[in-house]
Amino acid sequence: MSARKKLLHWLETERDRQLEFLRAFTRIDTCNPPGDTTEAADFFGRFLDAEGIAHRTEAPQASMPNLISTFAGAKRGPHLVLNGHLDVFPVGERSAWTRDPLSAEIVDGRVHGRGTVDMKCGTTALLFAYAYLHRLRDELPGRVTLTVVSDEETGGKWGADWLVNKCAGEVMGDCMLNTEPSGLQTIRFGEKSMLWVRFRIAVQGGHSAYPHTGGSANKVAAALIGDLVKIEEMVPDEPEVVRRMLDRPEVQKAADQSLGAGAAQVIRRVSVNIGVMQGGVKINMLPAECTLDVDFRLPVGITRAAVMDAVAAIAERHPGVRFEELLAGGPEANWCDPTHEMMEHLARNAAEALGYRPQPIVSLGGTDTRFWRVKGMPAFVYGPSPKGMGAPDEAVSVAEFQHVLRVHTLAASDYLMARK
Ligand SMILES: [Zn+2]
């Protein structure tokens, strides 16, 4: 039997086992905060034990273990790294849920529970893909490493960020696959950067009947906002290969279809969100202070420094404005080559099942793949529909779970086998 036939056989015949694993994982509470993933990491470890696969954990925070497992194939070849996370969003308002957020009940072809979409479905898929590839290790060239991390929902300091810096020898490779929810129509080869800035406006203030004496921090804020939103007009200097890909009509169509009309444009420009605005204490007092928390999302081709320069120039034009970057030192918008061979392996295998090809786009939100991309490693994200993630009644389609598992398993195998 060919390697591909064997993989297809396991993918088919072990469907119950795959689904039961996803359901059992869903029943384990990994909400972050607090982000305790010890039980889930043990659960993954026991699966690998049962498959006879060695693994270890790296736990800079005891309650947030990161699981690493690796195996070498039969001969030299590329090093493929698989990455998913264990922790999930908090449940939020429990009364907004129709059923227990940890129920893992299957209703209308969907597994229900917090984190099923983001990303218990995807992390489970990568675990099985890894196990199936391991069974073929005597035929496969290269190396495969599985990284199952914690602390993704709160920034990755003790998870992916830790691994790429402290365990680079193990977790840096030639290419990465990740299964965060992307929607089946798109494959993510990059993502926008998040830049948070806090503005504090301080003026003298006073009685509202005497506006000529004290000024108004809120009026300064209003004028400031008017200027800040103009940052959305900055034109990105996109690398040629990215520009050409994002110019394609079929790519723009897929972005709009999977992320909502207008998404293809949002991908390519700065977005400015005035997330928090607080100023003034009383209706008949001139507000002496106002604070704005602003969330900028930067596309590929616009650096954090360029936006901070624009912010500084704007702030200078308004009285009493100071600002500071929150989360300073964050990563730039990142990308890898959208014409990389892995893109073709993913798109071809997906198209075989879907009847259409998913298109390469840049992600609006962030994933752990940025930690690898900023260090120069190509990383691709393909996962289930993001619909409902982080919301009450989160539920993932069983069919999409099986599709994602199949596509990643086959794309990984094709990528390694291409070197035979
Ligand atoms: Zn996620």
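This briefing walks through selected helices, loop residues, backbone geometry and a strand residue of the structure above. The model is predicted: local features need pLDDT of at least 70, side-chain atom pairs count only at pLDDT 80 or more, and totals for chains, interfaces and linings use all residues. Residues are numbered from 1 along each chain as its sequence is written, and side-chain values use heavy atoms, with hydrogens and water left out. Helices (H or I, at least four residues) and strands (E, at least two) are DSSP runs, numbered from the N terminus.

**Helix α4**

- Helix α4 covers residues 116-135, 20 residues in total, and reaches 27 Å from its first C-alpha to its last.
- That span is close to the 28 Å expected at 1.5 Å a residue, where the expected span is 1.5 Å times one less than the number of residues.
- Because 19 of its 20 residues are buried, α4 is largely enclosed by the rest of the structure. Here buried means under 20% relative accessible area, exposed over 50%, and partly exposed in between (1.4 Å probe, protein chains only).
- Look out for a cis peptide bond from Asp 118 to Met 119, with omega near -15°; Met 119 lies in this helix, α4.

**Helices α13 and α15**

- Two packed helices are described by the angle between their axes and the distance between the axes.
- For α13 (residues 341-354) and α15 (residues 398-417), the angle is about 135° and the axes are 9 Å apart. Axes are lines fitted to C-alpha atoms, for helices over the stretch in contact, and angles run from 0 to 180 degrees between N-to-C directions.
- The pair is therefore oblique: angles under 35 degrees count as roughly parallel, over 145 as roughly antiparallel, 65 to 115 as roughly perpendicular and the rest as oblique.
- On the α13 side, the residues making the contact include Met 342, Leu 346 and Ala 350, and on the α15 side they include Val 407, Leu 410 and Tyr 415. Contact means heavy atoms within 4.5 Å.
- By class, this contact has 9 nonpolar, 4 polar and 5 charged residues. Ala, Val, Leu, Ile, Met, Phe, Trp, Tyr, Cys and Pro count as nonpolar, Asp, Glu, Lys and Arg as charged, and the others, Gly among them, as polar.

**Backbone geometry in loops**

- Another cis peptide bond runs from Pro 33 to Pro 34, with omega near 5°, and Pro 34 sits in the loop between α2 (15-27) and α3 (38-50).
- Asp 108 has a positive phi, near 50°, although it is not glycine. Its loop joins β4 (106-107) and β5 (110-112), and Asp 108 is exposed at 75% relative accessibility.
- Leu 327 also has a positive phi in a residue other than glycine, near 55°, and is found in the loop between β14 (321-326) and β15 (334-335).

- Arg 268 belongs to the loop between α11 (263-266) and β11 (271-279) and is buried, with a relative accessible area of 16%.
- Leaving aside neighbours within four places in sequence, Arg 268 is in contact with Pro 236, Glu 238, Arg 243, Leu 246, Asp 247, Gln 252 and Pro 299.
- Val 197, in strand β9 (residues 193-202), is buried with a relative accessible area of 0%.
- Not counting residues up to four places away in sequence, Val 197 touches several residues, among them Leu 292, Val 294, Phe 296, Met 308 and Phe 323.
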